[in-house]
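Welcome! Please take a moment with the structure below before reading on.

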Amino acid sequence: MAVPQRIPVAFTDMFPHGAYVLGVEPVNDFDKAKAGIADAQERDKVTGELVWAVRVMDADPNARAGSAEVKVKIAAGVRPVPPEPLAGTPFRPVEFDGLTLTPYVNTNGQKPRQGFSFWAAGIRPVRAGSGRAAA
C-alpha cells in the first residue's frame with residue numbers, strides 16, 4: 001500500500017466552525033534567498049507552481065492559544081485572491097478546495113513534537129447554505 005505524502009482531508013473536518021482569511025503572502029525558499037537568487041519564492045515540488053501561504057484564523061471557540069492561526073499553502077501561478085469581507089466587518093470567511101495535510105516531526109524545540117503542513121488546491125468564499133460564517 002502506498003501512503004500519500006499529502007493526505008486528503010475534508011474542509012469541514014479541519015475547520016468545523018469555519019475559517020477566516022487574515023492574509024495571503026508568498027512563501028520564501030530560504031535556500032534560494034541565502035544563495036542570493038532574485039526570485040526566492042518557493043515552488044511546489046509536485047507542480048512547479050509558486051507557493052503562497054494563506055493565513056487563516058480557525059473559528060473554533062475551543063482552539064488553544066497560539067494554535068488558532070494556521071497557514072494553508074496553495075501552489076498557483078498567481079497570488080490567490082481572498083473573498084470579500086462580510087458587510088461591516090473585517091472578517092473574510094473562506095473554504096478551501098482539495099485540502100490536504102502532511103504530518104511531520106518538528107525537532108526545533110527541546111522535545112520533538114508532531115506538526116502538520118496544510119495544503120489546498122484552491123480558495124473560495126463560503127458557499128451559501130453551508131451554515132458557517134453567515135452570522
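This report looks at confidence and then at aromatic rings.

## How the model is read

This is a predicted model, in which local features need pLDDT of at least 70, side-chain atom pairs count only at pLDDT 80 or more, and totals for chains, interfaces and linings use all residues. Residues are numbered from 1 along each chain as its sequence is written, and side-chain values use heavy atoms, with hydrogens and water left out.

The pLDDT is the predictor's confidence in each residue, from 0 to 100. The chain has an average of 88, and 93% of the residues score at least 70. Confidence is highest in strand 5, at 96, and lowest in helix 2 (residues 30-34), at a mean of 82. Helices (H or I, at least four residues) and strands (E, at least two) are DSSP runs, numbered from the N terminus.

Four aromatic pairs occur in the structure. Rings of Phe, Tyr and Trp (its six-membered ring) pair if their centres lie within 6.5 Å; planes under 30 degrees apart count as stacked, over 60 as edge-to-face and the rest as tilted. Phe11 and Phe15 make a tilted pair, 5.4 Å centre to centre with 35° between the planes. Both residues, Phe11 and Phe15, are buried (under 20% relative accessible area, with exposed over 50% and partly exposed in between, for a 1.4 Å probe and protein chains only).

Phe11 also pairs with Phe96: the ring centres are 6.3 Å apart and the planes at 50°, so this pair is tilted. Because Phe11 lies in helix 1 (residues 11-14) and Phe96 in strand 5 (residues 93-97), the pair ties together parts that are 85 residues apart in sequence. Phe96 is buried, as is Phe11.

## A charge over a ring

Which ring has the charged end of Arg6 over it? The ring is that of Trp119, with the charged end 3.8 Å from its centre. A charge sits over a ring if NZ of Lys or CZ of Arg is within 6 Å of the ring centre and within 35 degrees of the ring normal.
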